[in-house]
Structures are given as C-alpha cells and as structure tokens.
Amino acid sequence: MVKQTIQIFARVKPTVRKQQQGIYSIDEDEKLTPSLEIILPRDLADGFVNNKRESYKFKFQRIFDQDAKQEAIFENIAKPVAESVLAGYNGTIFAYGQTSSGKTFTITGGAERYSDRGIIPRTLSYIFEQLQKDSSKIYTTHISYLEIYNECGYDLLDPRHEASTLEDLPKVTVLEDPDQNIHLKNLSLHQATTEEEALNLLFLGDTNRMIAETPMNQASTRSHCIFTIHLSSKEPGSATVRRAKLHLVDLAGSERVAKTGVGGQLLTEAKYINLSLHYLEQVIVALSEKHRSHIPYRNSMMTSVLRDSLGGNCMTTMIATLSLEKRNIDESISTCRFAQRVALIRNEAVLNEEIDPRLMILRLQKEIQELKDELALVTGEQRTEALTEAELLQLEKLITSFLEDQDPESKLEVGADMRKIHHCFHYLKKLLTDKKIHGPSRAPFSEVKDQVNQGPSTEEEYKKLREILQQRDNEINILVNMLKKEKKKAQDALHSSSMDRGEPRRSQSSPFPPGNPEGLRTLPLSAPTQAQDSSVIQYRSSLLHRKTGVREEMSLGRQEAFEIFKRDHADSVTIEDNKQILKQRFSEAKSLGESINEARRKIGRLKEEITQRHVQQVALGISENTTVPSAPDPMEEKLRSQLEEEKTRYKTMFMRLKALKVEIEHLQLLMDKAKVKLQKEFDAWWAEEATSLQVNSPPVNLFNHVKPFPQTPESQHKRSQLLSNQSDVYTRKILPSPGPLLHSQEQSSTGTRLEDRPSKGEFQPPSLHNPRQNVQLQPSSLAPLPHPCFGTSH
Ligand code: ADP
Ligand code: MG
C-alpha cells in the first residue's frame, strides 16, 4: 500500500506579450518544494478580495514556467503515474484552470505540431511500449472517453451515434451496485491492441466532441472530459487478474459565474460547471479532513465517476494551469488556492489484487452469495425476482470481457444463479443473431431509405423541385459572389506585385493574417501517395467519412465554394506544413524501409557465408585428416563482426522506423481533425450566406447583403464593383436552373462516379456533418425540408 498526498503541479502558459513579467515569480531555491509568488499590481491591489496583500505565495511539487516543453511535462508528471498504473494501481491526472489557460493543450496537446502532443498520446505510447517489453503477462487494454456537460454524461466513443448534437446522444448514467461499486451505463469500452488503435479512439472522441459542439453549447470549455485507459493483466493460466485504470481528465474552465454570466443558456451552464467543480472541491475538502466518515461523492456525476480515483485507491496528480496575465490574476489565485486544498488529501493507493480487510469482507460476501445460489440450484428453489439493472450491466460486461479474452481457458463465471445463466444465453443469442442480420450482407441504410421514400405525390415532387431550384439559385449566387472576390483579389495581387516587385517574400510557413493576399497561395491537393498501413488508414478514413457525412453526390457548387474557402483559411498553412512534414516522413520511412530490407538481406548473406565457411573448414579437416583447427578462423571472425555490425544497424533503423510510424499516424490524425474543423466552419459560413440570401429575396438587392467571406475581410470599395455586376447575377438567377437536372444525374450515376472521389489524404468534398442538412441534397428525402437555412419557416 502506498500512502501519499495528491501531487500538485503548476504550469504557466506562455503569455502573448513578454512585458507581463513582474506579475509572478518562481522560487526554486527552497529545496524540494518550490513556490509560486503572484504579485498584485498596485492598481489592482486596492479593493481586491477585501485585503491589502500585495503578493500571494503557493507551494507546488514543481512549477513549470512558460518555456516548459510537453516532453518535460510528460516525463515529470505523467510518466510516474503511468508507471504506477502499470504496476496495478489506479491513477488520475487532472488539469484545473480557467478557460484558455492550457488544460487541453496539456492533456491532449496542440493541433499543430507533433512535438505539441500532450499527456494522452505520450502516455499511450509509453504504456504500449512497456506492455510490449513484458511478455510474462497477458495484457488487455481498453479505452473509454466520457464527456460530462450540464451534469449529463455522453459517450464520446459511442459507435452508434450519428447524431449531431450532444442532446441527441444517449446519456451515460451512473449505477451503483450493493457493494457500492460504480458502473457506467451507456459508456462503451473499446479494446485497443496497439498504440495506433488507441490514438484513433482519442481522435474519434475529440472529433465527436468538436462536432457535437454548437455555438449554443460551447461544450469544449464548459464540459469535463475523462479519457480512461483500463489495463488488466494476468499471468497465463492464472485466475488473478490485476486491473488498473488511468483517468486523464480535462476539466471545464474554472472561471466564476460572474465572468461568464450573460444570461439564459450560459447561466445554466455556468451554474452547473460551478456546481460540479464546487462538488469536486467539497469532496476534496471532505477527503482532507481526518475523521470524516461521509464523503459526498454522489452529489455530482463527475465525483461519482472519479470516486475510486480521488480518495483512497489511487495515485492522483493535479496540474494547475495558469494564464498569468494581469486580467487573470484573481482567477489564477483561486486556481492556486484550489490546488493548495487538493494537496492536503492523503491517498492510499492499493494494488488492485491485494487482499485488505475490506476486500476480504467483499470476497466473503461474494462467497456467501455464491453458496446461497448453489443451494437454491440444488434444492430446486429458484429465485424469480428480476435481475437489477446493475446486475444486468455487470453480466454484459462479464460477457464482453469473456468474449475478448485471448486466453482459450478463460471462463464465464456468473455463479450458480439460473437467472444469470439464462440471461447470458439470451445475450449471446442476441449477439449472434445481430451479427447474422447485420453482417456483411447488410443493405446500406440509404438504399433502404430510398426505397421507403419512393413514389411521393406529384405535388410534393413539384414543391421539392422548387425548393431545390431555390437552393441552387442561392448556391450560384454565393459562388458568383466568391468568384468576383477571387477576380478582384487576383487583380489586386497582380497590381501589388507589379508595384513592389523588390519586396522580399513572406516566409512560407508564417501564418498569414486572415484576408492577406498571401492566403491566395494555392494548396496542392495531391496527397502523399506512399504506401501506408492501409488497415489503420482505412479505419480512420471511415471514421472521418462517417463523422463528416461526406458523400460523393455533393453539389458541385458547394464543392467549388469549399475549395476556395479551404484555400483561404488560416489553418491551411498548418495543414499544408503538416502535409509537407508528412511527405518528408513518408519518404524517410520509405528509404528506411528499403535500407532495412537491404540490411536484412545482408544479414542473411553473412549468415550463409559463415555456414559455408564452417562446411569448408570441416571438409578441409576431413580431407587433410586432421581435426577442426582450434585456432579461430580470421575469415569467420571478420564475417561475425560484420554480422554484429549489420544487426546493430538493423536494430537502430527498425526502432527509428517504428517511431516514424507513430509520428506519421499522429500527424495524419491532426490533419484529419483540422479537416473536420475546416468543414464545420465552412458549413456555418455557408449556412449564414444562404440565410442572408433567403432573407433578402429581391434578387436586385442580393449583393448588398451577402456577407464578406469570413477569412477575407474585404475592403469596402469592392462592394461597388460587385454592385456593378448585379445584372450578371440576375441573369444567372432566372436561367432555367440546371440544379435539379444536374442533381438527378448525379443521383443516378453515383455508382460510376467513384473515380471522381478524392484520394485518401486529400480533402473530401464539402459536406454538412449534420445529417439533417445533408438531406437537402436528396430529392427523394426532402420533405419537409428541414434545412435550417433554407427552411420555409422564414
Ligand atoms: P483550455 O483547455 O484551458 O481552455 P487550451 O489548452 O485550449 O486552454 O489553450 C488555449 C490556447 O493556448 C490554445 O490555442 C493552446 O494551443 C495555447 N496554449 C496553451 N498552453 C500552451 C503552451 N504551454 N504552449 C503553447 N501554447 C499553449
Ligand atoms: Mg479546453
């Protein structure tokens, strides 16, 4: 049993301007416990929190200043926890701090560079590396990813969910069994056998989180996210399983209501967050008081979930993230105060297989229950009351882990309770039939939907067609508008380049401000085509595909608009940079792969030569009728040392290739994430454009109301130029719209359009991830036209 207090660390986020110095200082001299002093500027000190103190001092295990690297954070904070998890203890790392202080950056990582990856990917990498090294045990790793928003839990890895908003997703609920163990209903556990698989799950969860977020629910700052790695190990043939969980928690912003409070929805949210952080604090205070018998875990979802990871059986670490700028001083002080309270909790981490009195009681209780069950079975006295929900859930968990257990001798131990046995059989049967029905031969959902929707009445058809016509008109108008801007930009660029030809070019990698003509830089769309680990790529691209609702029959207009949007987007620089890095890594990996093969061949040849040499020596010995010479053969020595050298080279290259593979995987995930973000922003922009067109229906006024392209705030004088081109637009508007015709062609020829699809790694055609929005492009399923922008409710 390990007794220790919760470890607290502080991390200061880099400030934008350097002159913020003087607000805080770090005292590393005091051996072992460094302290952070926050100094109140004179103008703030008066009247601040009712006292006249000028500075506040807080002690931390370690303080990471602005220049601390992600690598150092992992090594010092996360690695020790990961090590204890590998040894069988539970662990929790949580980041606490106000919004934008760097919690997500610390826990998950930045979206731009590979070196910015945070604690989760690094910990996964470390854990899988360690598991691979240890062949004495059978390890199983599962991942779950929970988001708690407004006191409701959502499974970020829910494989079923195609829903677009948080509210539509099934809620995760906390169940407690008679032994006070917590079970989470509706939270899926996913087995991950490799680091890549686990990374993919992280990506899937993050993408789901991003997609479910709307301007109305800024879930990313107001929700808590708990990424959990469940590790179990057992020696082959043994019955004792060692289980440990590692929770990596990205808490909601800790700012107080007064700061966020605007009213309505926001206030509800603020209340909840405060409540849930408040309950966390209550639990923490209760845990730190010596003789408290009751700990109020049940008050909130988060404390229930983290119950076995806050007090008691756990190694817990908190990272206080601080954005130490003048305006954030009060929030920073309250973050530090919270950390000081957390530091008072003493945890007793127990090895999860160890037998302590409490566990012994539990074990005996279980045994009594089993004996009772057995007795009931033998005497024929069957119990008839239904199994509780918690019991059912536990049974299903048992079945799942039984099915996933690699050990052929593993048993499904449900006890001698006929109700449970029956339930297991039913469940397995259901699984089997589901597999049969939904197996590979399952008809695509869209097909079924199309069949159902066949044959609408003619009037309805007309209505739909009219609506599509309207949509196409809108599309054309937006596009024409964009085209104009493009033309103008090109002219401007031409003009300015002829004006200042001598001016040095801006660095390619520097992010240009929105709307800067540098943004015109075209994106080469061809993706690196090198051979990749196809199964992983396919898995991810199918996730991306599903998440973004990408479909080939997307209207050409939108595709066109998206291409321009994408090109001018500020993120395109990052995407492009990452693409370049990826390309380099690919070619490095390719040449490394070749060198490795070469080394392998060489090793083979050397081995052959040594064997040959042996045979020759023996043959020589026989022919000369002497025994094999006792002196070492210099030729063979040479060959052996060559072999050793080659082996070392091979090993080094192999390790490098492995590291490269992980880096490539991570970069691809970052790019996929960026693409999803881009598409989300495009959709929002597109919808906004369309709405303004819809509202201002008289076509003559059209361009007075079209908003400028968001990434390129255009100068005002452009407007007049657009106005002068109105007639052009109007002509297009009254043209017999090619929309529906074109569309029906697209519809009927989806099967033959495969070759038009962008290759993997390229941007997909624009689309809406909101399935409801996608519907607008499908004549067969248009009624009652639920698209929020083109809806008839205006
Ligand atoms: P939070 O999750 O606390 O709201 P984020 O992690 O999203 O805050 O950080 C806000 C912004 O600051 C992000 O753009 C992030 O990349 C950046 N950031 C945070 N911490 C660091 C750091 N240590 N180094 C560089 N950038 C950082
Ligand atoms: Mg965040």
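**A loop position and its surroundings**

A: Asn150 is situated in the loop that connects strand S8 (138-149) with strand S9 (152-155). The model under discussion is predicted. The phi angle of Asn150 is positive, at about 50 degrees, although the residue is not a glycine. As background, most residues other than glycine have a negative phi. Ser100 also has a positive phi without being a glycine, with a value of about 75 degrees. Ser100 belongs to the loop between strand S7 (91-96) and helix H3 (103-107).

The wider setting is as follows. The protein comprises 794 residues, of which 45% count as buried. Its secondary structure consists of 25 helices and 16 strands. If contacts between residues at least 6 apart in sequence are considered, 76% of them join residues at least 24 apart.

Helix H4 (residues 119-133) packs against helix H2 (residues 70-86), with the two axes 9 Å apart and at an angle of about 45 degrees. The pair is therefore classed as oblique, because an angle must be under 35 degrees to count as roughly parallel and must reach 65 to count as roughly perpendicular. The crossing of H2 past H4 is right-handed. On the H2 side, the contact is formed by Gln70, Glu71, Ile73, Phe74, Ala78, Lys79, Ala82, Glu83 and Leu86. On the H4 side, Ile119, Arg122, Thr123, Tyr126, Ile127, Gln130 and Leu131 take part. By residue class, the contact of H2 with H4 contains nine nonpolar, three polar and four charged residues.

H4 itself has 15 residues, and its first and last C-alpha atoms are 21 Å apart, close to the 21 Å expected at 1.5 Å a residue. The buried residues of H4 are Ile119, Ile120, Pro121, Arg122, Thr123, Leu124, Tyr126, Ile127, Phe128 and Leu131. In general, an α-helix has 3.6 residues a turn, so residues three or four places apart point the same way. Gln132 is also part of H4. Its relative accessibility is 59%, so Gln132 counts as exposed, the threshold for that class being over 50%. The C-alpha atom of Gln132 is 9.6 Å from that of Thr194, a residue 62 positions away along the chain.

H13 passes H14 in a right-handed crossing. From H13, the residues involved are Leu392, Leu395, Glu396, Ile399 and Leu403, and they meet Lys420, His423, Cys424, Tyr427, Leu428 and Leu431 of H14. The residues of this contact of H13 with H14 comprise eight nonpolar, one polar and two charged.

Apart from neighbours within four places in sequence, His423 is in contact with Leu387, Leu392, Leu395 and Glu396.

With 14 residues at 1.5 Å a residue, H11 should span 20 Å, and its end C-alpha atoms are 20 Å apart, so expectation and model agree. Its buried residues are Ile329, Glu331, Ser332, Ile333, Thr335, Cys336, Phe338, Ala339 and Val342.

Two further positions illustrate approaches between parts of the chain that are separated in sequence. Asp179 is found in the loop between strand S10 (171-176) and strand S11 (182-185), and it counts as partly exposed because its relative accessibility is 38%. Once residues up to four places away in sequence are excluded, Asp179 touches Leu362 and Gln365. The C-alpha atoms of Asp179 and Lys366 are 9.9 Å apart, across a separation of 187 residues along the chain. Lys661, in helix H20 (residues 634-695), is partly exposed at a relative accessible area of 40%.

Terms used
Residues are numbered from 1 along each chain as its sequence is written. Chains are lettered from A and ligands numbered from 1 in the order in which they are written. This is a predicted model: local features need pLDDT of at least 70, side-chain atom pairs count only at pLDDT 80 or more; totals for chains, interfaces and linings use all residues. Side-chain values use heavy atoms; hydrogens and water are left out. Helices (H or I, at least four residues) and strands (E, at least two) are DSSP runs, numbered from the N terminus. The expected span of a helix is 1.5 Å times one less than its number of residues. Buried means under 20% relative accessible area, exposed over 50%, partly exposed in between (1.4 Å probe, protein chains only). A crossing is left-handed if the near helix is turned anticlockwise from the far one by less than a right angle, and right-handed if clockwise. Contact means heavy atoms within 4.5 Å. Ala, Val, Leu, Ile, Met, Phe, Trp, Tyr, Cys and Pro count as nonpolar, Asp, Glu, Lys and Arg as charged, and the others, Gly among them, as polar. Axes are lines fitted to C-alpha atoms, for helices over the stretch in contact, and angles run from 0 to 180 degrees between N-to-C directions. Angles under 35 degrees count as roughly parallel, over 145 as roughly antiparallel, 65 to 115 as roughly perpendicular and the rest as oblique.
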